[in-house]
Structures are given as structure tokens and as C-alpha cells.
Amino acid sequence: MSSGNPPPPAPAGVSAQAAQPGRTGWPVGSTVLVVEDDPLISMNLVQMLEMLDFAAPSVPRGEAALDWINKNGPPALLLTDLRLPGMNGVALSVAVRQAHPTVPILLTTGQSADTLDLPPELRQGLGFLPKPYAMRHLEDALRKMRG
């Protein structure tokens with residue numbers, strides 16, 4: 001028997017049973033789309049995200065990320081490297097924001113955040129994860145993105 005109020009709806013890409021908050025505050029099973037062209041970094045990042053109870057599909061290019069989003073809908077979070085072949089992480093982030101303004105974006109790069117010249121439409125709901133990073137850095141960044 002229910003206590004009265006129905007539970008809030010699960011975010012896109014998350015089943016109602018899995019919508020309980022995990023360690024980072026995100027619902028268990030939330031989808032983080034990883035865009036990373038280095039296969040070893042991508043594999044490691046996906047593994048860390050899965051250990052934090054995320055679904056973490058991965059694509060190597062910005063154009064592939066847009067295709068994935070067109071087929072699957074927006075992820076709960078876009079995690080993209082800044083430097084990618086073809087469409088870079090900033091261009092990808094702008095394109096995602098134009099189509100899905102509320103998708104939070106976590107940029108990762110070896111470059112200092114202070115040196116990034118980001119367009120104004122990206123500054124809201126944007127996080128930064130400097131490379132190299134450990135699991136605790138990723139977990140902290142995800143927690144901050146969730147607020």
C-alpha cells in the first residue's frame with residue numbers, strides 16, 4: 001500500500017525501479033553519454049561510471065554523439081573530452097544545448113579551465129573535470145553537477 005503521493009517520474013533513460021539516488025545523487029541507472037576518442041581513457045571512464053551505478057554508452061566523436069542522441073534521446077549528462085577529431089567538445093556541447101537546453105555537460109581536458117573560452121550558452125549547467133583524474137575526482141564532479 002502506498003503512503004499517498006506517487007514517486008516523481010524517473011528521468012529519461014531510467015526505469016522507475018532504478019530511479020533511487022546513488023552515491024553521487026543521480027538516480028541509479030542514469031545515462032551518461034561518454035565522448036572520448038582515446039580508447040583506453042574511454043574504457044576506463046565507462047568502467048568508473050558503471051561502478052558509480054550509471055549506464056555509460058561511449059562514442060569516439062562528436063558527430064557520433066549527436067547520432068546517438070538522435071536515436072536514443074538526450075542522456076542525463078553529457079561527458080565529453082574537449083579535444084576530439086572532427087567536431088570538438090565545445091561544438092558538440094553547443095549543438096546538444098541548442099537541441100536539449102537542460103542537459104548538463106561535463107567537459108574533460110588536460111587544459112586549464114581558466115584558459116577555456118566558452119560561449120555564453122554553455123556556462124550554465126557546465127562542469128569541468130581536469131585530466132588526469134581519479135575515481136574520486138569523477139565522483140566529486142558528478143555530485144557537483146547534480147547539485
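Colleague: Does Glu 139 count as buried or exposed, at 14% relative accessibility?

Modeller: This is a predicted model, and the reasoning starts from a cut-off: a residue is buried under 20% relative accessible area and exposed over 50%. Glu 139 has a relative accessibility of 14%. Because that value falls under the 20% limit, Glu 139 counts as buried.

Colleague: Where does Glu 139 lie, and with which residues is Glu 139 in contact, leaving aside its neighbours within four places in sequence?

Modeller: Glu 139 belongs to helix 4, which covers residues 135-146. Once neighbours within four places in sequence are set aside, the residues in contact with Glu 139 are Arg 23, Thr 24 and Leu 52.

Colleague: Which residues of helix 4 meet helix 1?

Modeller: Helix 1 spans residues 39-51. On its side, Leu 45, Met 48, Leu 49 and Met 51 take part. Their counterparts in helix 4 are Met 135, Leu 138 and Leu 142.

Colleague: Is Ser 42 buried or exposed?

Modeller: Ser 42 is a residue of helix 1. Beyond neighbours within four places in sequence, Ser 42 is in contact with Val 34, Glu 36 and Ser 58. Its relative accessible area is 8%. Because the limit for this class is 20%, Ser 42 is buried.

Colleague: Which strands does helix 1 touch as it packs on the sheet?

Modeller: The direction of helix 1 makes about 165° with that of strand 1. Helix 1 packs on the sheet by touching strand 1 (32-35), strand 2 and strand 3 (77-81).

Colleague: In what order do the five strands form the open sheet?

Modeller: The pairing throughout this open sheet is parallel. Strand 2 (58-59) and strand 5 (126-130) are the edge strands, each pairing on one side only.

Colleague: What is the bridge partner of Thr 109 in strand 5?

Modeller: Strand 4 comprises residues 105-109 and pairs with strand 5 in the parallel sense, over five bridges. Within strand 5, the partner of Thr 109 is Pro 130.

Colleague: How are helix 2 and helix 3 oriented to each other?

Modeller: Helix 2 (residues 62-72) and helix 3 (residues 89-99) have axes that come within 9 Å and cross at roughly 20°. That angle makes helix 2, relative to helix 3, roughly parallel.

Colleague: Which residues of helix 3 meet helix 2?

Modeller: Helix 2 passes helix 3 in a right-handed crossing. Helix 2 contributes Gly 62, Ala 65, Leu 66 and Ile 69. In helix 3 they meet Leu 92, Ala 95 and Val 96.

Colleague: How far apart in space are Met 87 and Gly 62, C-alpha to C-alpha?

Modeller: Met 87 is in the loop between strand 3 and helix 3. Apart from residues up to four places away in sequence, Met 87 touches Gly 62, Glu 63, Leu 66 and Leu 92. Met 87 and Gly 62 are 25 residues apart in sequence, while their C-alpha separation is 5.2 Å.

Colleague: What share of the 147 residues in the chain is buried?

Modeller: The chain holds four helices and five strands, in the pattern β-α-β-α-β-α-β-β-α. Its accessible surface comes to about 8,100 Å², of which 55% belongs to carbon and sulfur atoms. The buried share of the 147 residues is 39%.

Note on methods
Residues are numbered from 1 along each chain as its sequence is written. This is a predicted model: local features need pLDDT of at least 70, side-chain atom pairs count only at pLDDT 80 or more; totals for chains, interfaces and linings use all residues. Side-chain values use heavy atoms; hydrogens and water are left out. Two strands pair if DSSP finds at least two bridges between them. Helices (H or I, at least four residues) and strands (E, at least two) are DSSP runs, numbered from the N terminus. Contact means heavy atoms within 4.5 Å. Axes are lines fitted to C-alpha atoms, for helices over the stretch in contact, and angles run from 0 to 180 degrees between N-to-C directions. Buried means under 20% relative accessible area, exposed over 50%, partly exposed in between (1.4 Å probe, protein chains only). Accessible areas come from the Shrake-Rupley method with a 1.4 Å probe; for residues, only the protein chains shown count as cover. Angles under 35 degrees count as roughly parallel, over 145 as roughly antiparallel, 65 to 115 as roughly perpendicular and the rest as oblique. A crossing is left-handed if the near helix is turned anticlockwise from the far one by less than a right angle, and right-handed if clockwise.
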